[in-house]
Structures are given as C-alpha cells and as structure tokens.
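Here is a short walk through a structure.

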Amino acid sequence: MKADRDLKVYIKTFGCQMNERDSESAAALLSADAFSITDSEKDADILIFNTCSVRDQAERKAIGKIGILKRLKRSRPHIFIGIMGCMAQSRGAELLKEIPHLDFVIGTGQLHRLPEIIKSEIRKRHKTVFDELARPDFNALAAHLADTENNFSASIAVMTGCNRFCSYCIVPYVRGREHSRPPDEIIEEAEKLVASGVREILLLGQNIAAYGLDGKSPPKDAFSPFAELLEKLNNIDGLYRIRFTSPHPAYFNDRLIDAVTSLPKICESIHLPLQSGSDRILKLMNRPYTSAHYMSVVNKLKSKSPRMIFSTDVIVGFPGETEDDFNATRGIMNEVAFDNAFIFKYSKRRDTLAAEMPEQLEQKIKEERNKILLEDLAERTGRYNASLVGKILEVMAEGPSKRNSSRWAGRSSSNKIVIFEPESSVSSGSLINVKIERSTPMTLFGKIQVS
Ligand code: 5AD
Ligand code: SF4
C-alpha cells in the first residue's frame, strides 16, 4: 500500500452548485492532508462520487456511472471507491448492498471527516457507512483549493440545510436543518479569495434569503440578515461581482429588494424559483406564497432596476396538476419573461409528502408539459437575445470558448454568455465592454469596444 501522500484522489460531482462547492471543499481538505487530487479517473487510487438525490434521474445517473467501475476495480483491485453527498445521506447502507464494489458511503453531515475516514478505512478495507447528519463543520465549508485556473470566480456556502419542507423536496431530509455561518467568517473567506485574485463571488444556500434566520419565519419587510450580509460583501475592495442562489420568494422582502437593487456589485440577474404559477398547486407544494406575491416581488425588482432579468425553477406534473394549473404556470412564465428556466418533471422522492399524494400524473403528461415550456423559453430567449444586438454589455472575461479556443467566452452582469475575439490585454476576470453583433437563443457574439 502506498503512503497517503502518494494516493491520488479523483472526485466527480453530480447535481447542483452546492455539490460543486462541497466537492471543492473535500478536495481542499484532502490536499491539505497530503493526498493529491487528480482529474484522471484511470490514475486514481481513491474515487469519490459526490451525488445528488433531488430527482430520480440524478440518482440513476450516479449509480450507472459507479456501476461501470466494476471493470476498473477488477483490473486495479487496490482502488477505493466511495459515495458522498445527498444520495449517500439518503440511502446509506443500502448502496453498499446495491453496488458490491463500493467501499464507503459518507453523508452530507460528515464531509469534514473525509481525510480521517479515508485514512483509517482504506487500510482496514472495511465497507463502511458514515451517515450521521451532524451539525456542519464551518471550517470545512470554508476550505478552498489554493489555485485553480478559474480563480477569478469562486463560490461560498453561506449556510447549509433547509427548514422549508416543500412537499416534493428531499433536501431537508438529506442536508438537515438550516445553519447559517457567522457573517464575519463569510467576509473573511471572501476577503481571502479576493486577495488571491477572485473578482466574482457566487453565494450559495438552499434557502439563501433566509440566511441568519435559521428556521424563523419569513421576516417583516424592514429586516433581512441576508441583505446585511450583501451590504458587507459589497464593501470589499477588489470584488466586482456578487451573485447568489437560491432565494425563496416568501423571504424576498422589501429590505432585500432594496439591497439587491441599490448595491452596485450585485449582478442584474436574479434566480427566483417559482415552482408553479397555480396558487392551488403552490399550496399543495407547501410553498407559502401566491402567484400574485411572486409577481409583486418581480415587479418591485424590475421597477427599481429595469435591466434586471430573471431565471427560475419550475416543476411540471406535480400530483394533481390540471391543464388549468399548468397554463397558470405557463402564463406567469411569459409574464415575467424569464430569460432562463430549469424545468423539471416531477419526480417522486422518498419520505416526502407529495410522494404519497393521489393523482400522480403519467410520465407522458409531464413530458408534454416540459416540452411546451422549453419551447416557450427558447422562443423568448431567442427574441430577447436578438434585441441585444447593437448594444454594449459589460462582460467579465472567463477564458477560451469550449467550442472554438481561438475565441473567448465571458458573462454579462445579466448572466448572458458572450463570445468575443480576445485581445492581449484581456485575461480571466477582466471587465470589458463588448458590442453585440449577432445572437442565438443560447449565446451572444460581439467585439471588444476600446473606450
Ligand atoms: N421533482 C422534480 N423537481 C424537483 N426539484 C426539487 N425536488 C424535485 C422533485 N421531487 C427541483 C425544484 C428545485 C430544484 C433544485 O429542483 O424546482 O428548485
Ligand atoms: Fe427544497 Fe423547498 Fe428547501 Fe428549496 S426551499 S431546498 S425546494 S425544501
């Protein structure tokens, strides 16, 4: 057996940005503890899959991927394969039975113990499950990899867990209750990142507008700890852009609306999960707001910040969703004119209330409704992107475009992907003005404007 420092760890992430962030923390903890991190599955001694449970499809994808590794394990029997993340939390020991070549399962509450667990278990070669849903370790949450190619942009988890228990959602069961990190720790983390070259920060929390409330009800309009946090972050010199995801509409009060529309570093794109446009379905989803309330938040944001654009999450085919309910969702999506939307087909999740509801809909209906909303969206973004031709957008340069490395990609404050010919003065994180010359529903193409 090799010494720890010679063991190479490969981490693959499934699912959301919170999982991406957890994988980065895991990699940072492991490399600080003398393991080395590799991008190559074939060279790795330890393979860790950070999984998602939000929909059945996400679980099947991860299980399929790990299933294929049976062959790799036969040819390299010393490798050690583990599952972390939400599926590990929800299915624990069951996974060891289902996947015979799996060595360990480590839930969301045990991330901070990853180096210690690997070090002790890999020697014993026990098959083990660590799934106690403990209070998160904030030090582990703050760990970042020292230097990555992408270091102009970084994510910070400002809180963990969720107390909302939307009736379709497994998250509160697999990530536990809300725990907000103290603002000073978050500011310190952001300042360190900025000192190392980061210019844009994405703040993460399952119910981020409830930051600092830790289970208390949506606050009155004059009070928002999340708005206070944004104000502090906005004061950091050298930080240029702040994004955040995902705020719950019931917590998006006037105090927060004022903060996001008045603080100059907050980007002009807000991700605000709608889930459904039907008040009847929202009630069944245990989402304590109406479509009228949702529209009032959007309209206040638009009136204070006319360039603000919106994206959302929507579920089609929730149990009992009628044609009228679906049309209400379709209607509000058009009314807000979402520029992007993640449209999900309802998926039954264990332990959730909706899984037991009558009138579960057929897959065919979910697929039809999903297709209609996707077509509406493509048509709307195509039109909106075309309206940007001729305009000048401020773009943060990211790096060579994936499709054609002689061109560069960047993002506008409104989160639009913009492709342009690079110039020697431009590097990752540079802010440049780009005049848009051409558009597709997905992408804008333009030329750098010299001021
Ligand atoms: N089925 C389909 N979509 C779901 N989501 C959460 N749970 C489910 C489910 N059971 C979606 C919600 C949430 C996003 C992260 O995933 O839209 O906002
Ligand atoms: Fe899930 Fe609702 Fe919490 Fe979002 S707010 S993570 S949808 S329970």
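A backbone N or O atom of tyrosine 168 lies 3.0 Å from a nitrogen atom of ligand 1. This is a polar contact, meaning a pair of N or O atoms within 3.5 Å; within protein, one must be able to donate a hydrogen and the other to accept it, and residues adjacent in sequence count only if both atoms are side-chain atoms. Side chains reach ligand 1 too. A polar side-chain atom of arginine 55 sits 3.0 Å from one of the ligand's oxygen atoms. In the side chain of glutamine 275, an N or O atom is 2.7 Å from an oxygen atom of ligand 1. Taken alone, ligand 1 exposes 400 Å², and the protein buries 86% of that (accessible areas by the Shrake-Rupley method with a 1.4 Å probe; for residues, only the protein chains shown count as cover).

This is a predicted model: local features need pLDDT of at least 70, side-chain atom pairs count only at pLDDT 80 or more, and totals for chains, interfaces and linings use all residues. Residues are numbered from 1 along each chain as its sequence is written, chains are lettered from A and ligands numbered from 1 in the order written, and side-chain values use heavy atoms, without hydrogens and water.

Which residues are around ligand 1? They are Val54, Arg55, Tyr168, Gln275, Asp313, Ile315, Phe344, Lys345, Tyr346, Ser347 and Arg349 (each has a heavy atom within 4 Å of the ligand). By class, this shell has 5 nonpolar, 2 polar and 4 charged residues (Ala, Val, Leu, Ile, Met, Phe, Trp, Tyr, Cys and Pro count as nonpolar, Asp, Glu, Lys and Arg as charged, the others, Gly among them, as polar).

Tyr168 also belongs to the surroundings of ligand 2. The residues there include Cys162, Cys166, Cys169, His248 and Arg287. The shell of ligand 2 divides into 7 nonpolar, 2 polar and 2 charged residues.

Now turn to the backbone. Most residues other than glycine have a negative phi, and most peptide bonds are trans. The peptide bond from threonine 245 to serine 246 is cis, with omega near -5°. Serine 246 is in the loop between β11 (241–245) and α9 (helices, H or I, of at least four residues and strands, E, of at least two are DSSP runs, numbered from the N terminus). Alanine 337 has a positive phi, near 60°. Its place is the loop between α12 (323–336) and β14.
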